[in-house]
Amino acid sequence: MNDFLKVLVDILSQPAILVALIALIGLIAQRKKLSDTLKGTTKTFVGFLVISAGAGILSASLAPFGEMFKAAFHVTGVVPNNEAIVAIALTEYGTNTALIMFFGMMVNILIARFTKFKYIFLTGHHTLYMACMLAVIMTVAGFTSVPLIMAGAVALGIIMSLSPAIVQPFMRILMGNDNVALGHFSAVGYAVSGLVGKAVAGKNPKSTEKINFPKGLGFLRDSTVSIALTMMVIYVVVALFAGPSYVEANLSDGTNYLVFAMIQAGTFAAGVFIILSGVRLVLAEIVPAFKGISERLVPNAKPALDVPIIYPYAPNAVLIGFFSSFIGGIVSMVIMTFTGGVIILPGVVPHFFTGAAAGVFGNATGGVRGAVLGAFVNGILISFLPVFLMPVLGNLGFANSTFSDTDFGVSGIFFGVLANHGGTIAIVVSLIVILAVMFGLSVKRKKNKAIEEEA
């Protein structure tokens, strides 16, 4: 049984395999020729591996930056990181996590089939992380055995359906169509960034992608060049503050600390370039393939894909969003230092991936000001939400890390507060009410459509 669950988790937590299977099913449902089916499935699989490779390169280049930052400014505290906290939690909650993940995906498909929330969440690793957090919270709440799996799966399916729905209005603005959704559990932060962008837009918001560089700096219009040079300045400055002795002894394996900083900055730019290439490859294949799912299995369904799919739409906003979110994290850290209690250190990886996306959405609604301020607010959210999340995670809350993105914070705090004040009954009632509202909204929408057609 444990071997089966391990294989199941290995399959479902790999976006490349999961999305390739979806593409395969979609192409078969459309009765495509064998050659077209193999081509579409393989290119989708390879495209997601390219994105994963780029994300891995990014994470690897950001890790030493985070260490240099802590050494340079002598700060200690809790660093939110999904991978770290899940690795700790799976040792005790692995079986429950696997079962919640599997049945939660089934609930997501059922909700997409029978309600207006037509989003099929395809980011497998984020699904695994959310399933893990729910396994912890449901255990702390008092659920055991089958009820634990059922409650966790229903909660996961609901979150997988609502998260893309929250940010979809801004996806339509960004992409100009409604073909693809965003499957990344930081939708609350992205939606807030989009709203902030709207609030500060003014009459004619200027896009980050239309920044007018002087003629002599025209080369900065190339996103790869601008990202590489900007990150090089940031890395070198932080390395100077950290000092050669620390960097060369702990991070660079003896390589000159400034050379090491420049290499990491260039590696960061290479990671972004690889991600953008993979995104173009995947979108060219997954959208046509998904029509088979939409037409035959879940009418009008939309694939909810991982966050890098939006980066090509505003590369400048990606960098601006990262910096603004990170500054929001630093400001939050300073506030926490003076107020006492837990200090959340700005994790570079979550601030890049969520801050970049927040910058893109803020730019879509409010131009440069929207990108800067929207991402800054995102940085504050992913700094303070973990403070309130940690107490509801039981013994796991004492670990030196916690879940980072906004949807983890909002969902975890919601179910944790219910567990503390009403126990298992409160959670079950809340799940029933949420499902009833989702189905009720869908029935109302169908009635309104019928009235419009008759008119």
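Which residues form one aromatic cluster? Phe65, Phe69, Tyr235, Phe268, Tyr311, Phe322, Phe323, Phe326, Phe352 and Phe353 do.

The model is predicted: local features need pLDDT of at least 70, side-chain atom pairs count only at pLDDT 80 or more, and totals for chains, interfaces and linings use all residues. Residues are numbered from 1 along each chain as its sequence is written, and side-chain values use heavy atoms, with hydrogens and water left out.

**View 1. Aromatic pairs, with Tyr190 and Phe361 in detail.** Rings of Phe, Tyr and Trp (its six-membered ring) pair if their centres lie within 6.5 Å; planes under 30 degrees apart count as stacked, over 60 as edge-to-face and the rest as tilted. By this rule there are 16 aromatic pairs. One of them joins Tyr190 and Phe361, tilted, at 5.7 Å centre to centre with 35 degrees between the planes. Tyr190 belongs to helix α7 (residues 187-200) and Phe361 to helix α12 (residues 348-389), so the pair ties together parts that are 171 residues apart in sequence. Helices (H or I, at least four residues) and strands (E, at least two) are DSSP runs, numbered from the N terminus. Tyr190 is buried, at 0% relative accessible area. Phe361 is buried as well, with 0% relative accessibility. Buried means under 20% relative accessible area, exposed over 50%, and partly exposed in between (1.4 Å probe, protein chains only).

**View 2. The stacked pair of Phe403 and Phe408.** Phe403 and Phe408 are both buried.

**View 3. Arg113 over the ring of Phe114.** The charged end of Arg113 is 5.3 Å from the ring centre of Phe114. A charge sits over a ring if NZ of Lys or CZ of Arg is within 6 Å of the ring centre and within 35 degrees of the ring normal.

**View 4. An open sheet of 3 strands.** The strand order is β1-β3-β2, with parallel pairing. β1 (119-121) and β2 (181-182) stand at the edges, each with a single partner strand, so one side of each has no neighbour in the sheet. Two strands pair if DSSP finds at least two bridges between them. β1 pairs with β3 (residues 302-305) in the parallel sense over 3 bridges. Ile120 stands opposite Pro303 in β3.

**View 5. Ser383 in helix α12.** Ser383 is buried, at 1% relative accessibility. A polar atom of the Ser383 side chain lies 2.7 Å from the backbone oxygen of Gly379. Beyond its neighbours within four places in sequence, Ser383 is in contact (heavy atoms within 4.5 Å) with Gly328, Gly329, Ser332, Met336, Ile344 and His351.

**View 6. Helix α11 (residues 315-339) and Gly340 after it.** α11 has 25 residues and reaches 36 Å from its first C-alpha to its last. This is close to the 36 Å expected at 1.5 Å a residue. The expected span is 1.5 Å times one less than the number of residues. Gly340 follows α11, with a positive phi near 85 degrees.

**View 7. Positive phi at Arg31 and Ser145.** Arg31 is not a glycine, yet its phi is positive, about 60 degrees. Arg31 lies in the loop between α2 (15-29) and α3 (34-73). Arg31 is exposed, with a relative accessible area of 71%. Ser145, also a residue other than glycine, has a positive phi near 55 degrees. Ser145 lies in helix α6 (residues 145-175). Ser145 is exposed, at 55% relative accessibility.

Terms used. A polar contact is a pair of N or O atoms within 3.5 Å; within protein, one must be able to donate a hydrogen and the other to accept it, and residues adjacent in sequence count only if both atoms are side-chain atoms.
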